[in-house]
Amino acid sequence: MNVPIWLCIPFAGLLLCVALFPLFAPNWWGRHESHMVILWSVISIVLFATQFGAAETFHTEFDCIINDYLTFIILLFGLFCVAGNISFTGDLAGSPGVNVVLLTIGTLLSSVIGTTGSSMLMIRPVIKMNSWRKRKSQIIIFFIFLVSNIGGCLTPMGDPPLLMGFMRGVPFLWSFNLFPVLLVNMFLLLTLFFFIDRKNYRKDIAEGRRPDLSSVRTMIRFEGLHNIIFLVMIVIGVVLSGLLPGLKAFQDASGNVLGITLPGNVSLTYPSLIEIIIILLAAYLSFKTTNKEVRVHNHFTWGAIEEVAVLFIGIFITMQPALILLKAKGSTLGLTTPVQMFFATGALSSFLDNTPTYLVFLTTAGSLGFKSGLALSVGTVSKNMLMAISCGAVFMGANTYIGNAPNFMVKSMSDENGITMPSFFGYMKWSICILVPVFIIDALIFFM
């Protein structure tokens with residue numbers, strides 16, 4: 001499919017709205033965000049239809065909604081529900097040292113239950129323990145850097161791109177090759193965070209702000225811990241969605257994955273359907289078995305998931321031409337070295353869905369004719385090249401609020417709790433000044 005670049009205008013328009021309106025007209029944007037999402041989505045669909053016809057447009061957009069957006073938002077919904085039923089309380093104050101510990105735990109947990117699961121589980125304790133502080137947006141920013149993105153690099157459960165790599169022949173434990181990169185990034189970012197947070201912490205203390213530490217002894221209490229079972233259910237559902245398509249029982253005679261055929265010749269595969277059922281069942285059981293008081297204590301509302309659901313359906317619809325264009329032109333970009341792949345994959349993953357971006361460049365790498373490396377379904381790929389593509393896709397989703405699903409979710413939950421988060425470009429100022437130098441260090445150490 002030959003996609004003209006002007007079809008990407010609605011995607012760029014929606015991104016500019018997300019970036020500018022909350023900064024210059026926040027009240028107007030709060031009332032009309034959904035209307036702008038609908039407007040740019042309709043414009044995108046109409047322009048696509050004028051180029052490729054109604055039938056092809058319906059197939060492309062409906063397939064995107066069923067096989068990309070539906071599974072995406074249901075996973076977020078399930079994790080949001082289950083994590084909202086786990087309460088972590090105590091008299092630990094949000095000091096720089098405590099915050100470093102919380103960010104470390106969340107970062108390492110991201111490879112176990114995914115960046116979204118870890119983000120939803122850890123963000124409420126982080127917000128609560130720092131509720132007494134005035135200067136705390138830097139805590140959430142580094143939370144997004146580490147917990148919502150970089151921490152998910154060690155297993156296929158950590159981030160969807162790695163799951164797609166696993167489905168194409170990357171061994172399950174191969175991602176542990178990225179552990180040295182993770183350690184370097186954690187050391188650099190946590191060290192920098194400590195000094196930034198300590199500076200703001202001292203300013204808060206100097207203004208007379210104090211945490212309420214009524215107990216002499218440090219007490220930590222968990223409620224709703226049985227919901228860990230439902231988190232595990234969701235992780236199992238995600239893993240099954242990656243494993244089942246490779247089994248003969250889920251394939252037809254031609255090797256295509258079996259599923260339910262919907263209008264427009266769109267298929268909802270049985271593995272995806274099983275994943276959806278498991279996630280929704282986990283969310284339902286979580287609510288049925290958890291005392292309402294836990295959610296009250298967590299200040300649980302539906303606002304964050306509603307905002308993400310509305311915004312991202314527009315992003316998924318309008319970015320389809322950009323993804324098609326990337327798939328068509330990816331092999332002609334002249335990317336032949338790990339460092340080129342690292343920055344190219346990362347730059348596009350900052351604004352586009354990192355899963356298809358990962359697959360495009362993985363396929364490109366498989367066509368380069370490597371004589372040694374991992375034999376994947378897309379061809380042989382060298383270790384350094386695969387490391388570069390994996391790190392670029394997982395790490396650089398942290399560059400913008402829309403680079404990875406949990407980023408915007410964490411921002412929305414922080415806004416709900418009265419934390420003044422930077423604008424779209426304000427956040428990018430942080431990522432450019434802090435993350436880009438770290439990624440350059442990654443490139444010099446591991447990918448040159």
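Is Glu 61 buried or exposed? At 5% relative accessibility, Glu 61 counts as buried (buried means under 20% relative accessible area, exposed over 50%, and partly exposed in between, using a 1.4 Å probe and protein chains only). Before the rest, a word on ground rules: this is a predicted model, where local features need pLDDT of at least 70, side-chain atom pairs count only at pLDDT 80 or more, and totals for chains, interfaces and linings use all residues. Residues are numbered from 1 along each chain as its sequence is written, and side-chain values use heavy atoms, with hydrogens and water left out.

**Glu 61 and its surroundings**

- Glu 61 sits in helix α3, residues 54–84 (helices are DSSP runs of H or I with at least four residues, strands are runs of E with at least two, and both are numbered from the N terminus).
- Not counting residues up to four places away in sequence, Glu 61 touches Ile 45, Ile 317 and Gln 320 (contact means heavy atoms within 4.5 Å).

**Salt bridges**

- The count comes to six salt bridges, each being a side-chain nitrogen of Lys or Arg within 4 Å of a carboxyl oxygen of Asp or Glu.
- As background, side chains of opposite charge can pair when their charged atoms come close.
- Arg 133 pairs with Asp 204, with 3.3 Å between the closest N and O atoms. Arg 133 lies in the loop between α4 (96–129) and α5 (137–146) and Asp 204 in helix α7 (residues 179–206), so this pair ties together parts that are 71 residues apart in sequence.
- Both ends of that pair are tucked away: Arg 133 is buried at 2% relative accessibility, and Asp 204 is buried at 0%.
- Arg 135 forms a salt bridge with Glu 207, and here the closest N and O atoms are 2.5 Å apart.
- Glu 207 is partly exposed at 43% relative accessible area, and Arg 209 is partly exposed at 33%.
- Put together, Arg 133, Arg 135, Asp 197, Asp 204, Glu 207 and Arg 209 are linked in a network of salt bridges.

- Six of the eight residues of helix α6 (residues 160–167) are buried, so α6 is largely enclosed by the rest of the structure.
- Those buried residues are Pro 161, Leu 162, Leu 163, Met 164, Gly 165 and Phe 166, and what covers them includes α8 (228–243), α14 and α15.
- After α6 comes Gly 169, whose phi is positive, near 110 degrees.
- Helix α13 (residues 338–349) has twelve residues and reaches 16 Å from its first C-alpha to its last, close to the 16 Å expected at 1.5 Å a residue (the expected span is 1.5 Å times one less than the number of residues).
- The buried residues of α13 include Met 341, Phe 342 and Thr 345. Among the elements covering the buried residues of α13 are α14 (354–366), α15 (383–395) and α17 (424–447).

**A nonpolar surface patch**

- Phe 343, Ile 432, Val 436, Ile 440, Ile 441, Leu 444, Ile 445 and Met 448 make a nonpolar surface patch of about 740 Å².
- Patches are made of residues with over 30% relative accessible area and no salt bridge; like charges are joined within 9 Å, and nonpolar side chains (Val, Leu, Ile, Met, Phe, Trp, Tyr) within 5 Å. Accessible areas come from the Shrake-Rupley method with a 1.4 Å probe, and for residues only the protein chains shown count as cover.
- Helix α17 supplies the largest share of the patch, six residues. Val 436 is found in α17, and Val 436 is partly exposed at 32% relative accessible area.

**Strands**

- Strands β3 (residues 259–262) and β4 (residues 266–269) run antiparallel and are joined by four bridges (two strands pair if DSSP finds at least two bridges between them).
- Ile 260 stands opposite Leu 268 in β4.
- The hairpin of β3 and β4 has three residues between the strands, and Gly 264 takes a positive phi near 80 degrees there.
- Phe 222, in strand β2 (residues 220–223), is partly exposed at 45% relative accessibility.
- Phe 222 and Ser 87 are 135 residues apart in sequence and 5.6 Å apart in space, C-alpha to C-alpha.
- Leaving aside neighbours within four places in sequence, Phe 222 is in contact with Ser 87 and Phe 88.
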